[in-house]
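The sequence and the structure are shown first, and the description follows.

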Amino acid sequence: MYLHLGQNEIVPLSRIIGIFDLDKCSYEKRTRDYLAAAEKEGIVLDVSGDIPRSFVVCDHPYHDQIVYLSQLNPSTLAGRAEKNRFE
């Protein structure tokens with residue numbers, strides 16, 4: 001099963017580590033540091049096409065992790081993931 005993140009980007013559900021609300025998490029220093037380090041390593045992909053609302057951390061075959069920035073609300077992504085898991 002796959003999850004559509006927006007802007008024609010899909011990821012396998014089995015690779016998703018977590019779906020996070022960018023607005024809520026960006027207040028935390030650890031999250032800001034994590035995202036800054038991921039950006040520096042070049043493992044952040046902005047698939048939002050607009051202002052990102054969430055970020056999805058995924059396992060990746062060539063990196064430890066990859067971070068996708070999505071314009072979709074995290075509850076929308078979580079709902080899609082849950083729905084696809086049972087289909």
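Is Phe-20 buried, partly exposed or exposed? Phe-20 has a relative accessible area of 31% and is partly exposed, where buried means under 20% relative accessible area, exposed over 50%, and partly exposed in between (1.4 Å probe, protein chains only).

The model is predicted, so local features need pLDDT of at least 70, side-chain atom pairs count only at pLDDT 80 or more, and totals for chains, interfaces and linings use all residues. Residues are numbered from 1 along each chain as its sequence is written, and side-chain values use heavy atoms, with hydrogens and water left out.

**The sheet**

Helices (H or I, at least four residues) and strands (E, at least two) are DSSP runs, numbered from the N terminus. Two strands pair if DSSP finds at least two bridges between them. In this model 4 strands form an open sheet with mixed pairing, in the order β3-β5-β6-β4. At its edges stand β3 and β4 (44–46), each of which pairs on one side only. From one strand to the next the twist averages 20 degrees; axes are lines fitted to C-alpha atoms, for helices over the stretch in contact, and angles run from 0 to 180 degrees between N-to-C directions.

| Strands | Sense | Bridges |
|---|---|---|
| β3 (residues 16–21) and β5 | antiparallel | 5 bridges |
| β5 and β6 (residues 65–70) | antiparallel | 6 bridges |
| β4 and β6 | parallel | 3 bridges |

Individual residues mark these pairings. Asp-21 stands opposite Ser-54 in β5, and Asp-46 stands opposite Leu-69 in β6. A hairpin is formed by β5 and β6, with 5 residues between them. Strand β5 (residues 54–59) is mostly covered, with 5 of its 6 residues buried. Helix α2 (residues 29–41) lies across β4, β5 and β6 and runs at about 105 degrees to β6, contact meaning heavy atoms within 4.5 Å.

**The aromatic pair**

The model has 1 aromatic pair. Rings of Phe, Tyr and Trp (its six-membered ring) pair if their centres lie within 6.5 Å; planes under 30 degrees apart count as stacked, over 60 as edge-to-face and the rest as tilted. The pair is formed by Phe-20 and Phe-55, which are stacked at 5.0 Å centre to centre with 25 degrees between the planes. Phe-20 lies in strand β3 and Phe-55 in strand β5, so the pair ties together parts that are 35 residues apart in sequence. Phe-55 counts as buried, at 3% relative accessibility.

**Salt bridges**

A salt bridge is a side-chain nitrogen of Lys or Arg within 4 Å of a carboxyl oxygen of Asp or Glu, and the structure holds 2 salt bridges. In one of them, the closest N and O atoms of Arg-15 and Asp-59 are 3.7 Å apart. This pair links distant parts of the chain, with Arg-15 in the loop between β2 (9–12) and β3, and Asp-59 in strand β5, 44 residues apart. Arg-15 is partly exposed at 29%, and Asp-59 is partly exposed at 34%.

Asp-33 forms a salt bridge with Lys-29, and their closest N and O atoms are 2.8 Å apart. Because Asp-33 and Lys-29 are 4 residues apart in helix α2, about one helical turn separates them.

**Cysteines**

With a disulfide taken as a pair of cysteine sulfur atoms within 2.5 Å, the count comes to 0 disulfides. The sulfur of Cys-58 is 15 Å from the closest cysteine sulfur, in Cys-25, which is too far for a bond. Cys-58 is buried at 2% relative accessibility, and its bridge partner in β6 is Ile-66.
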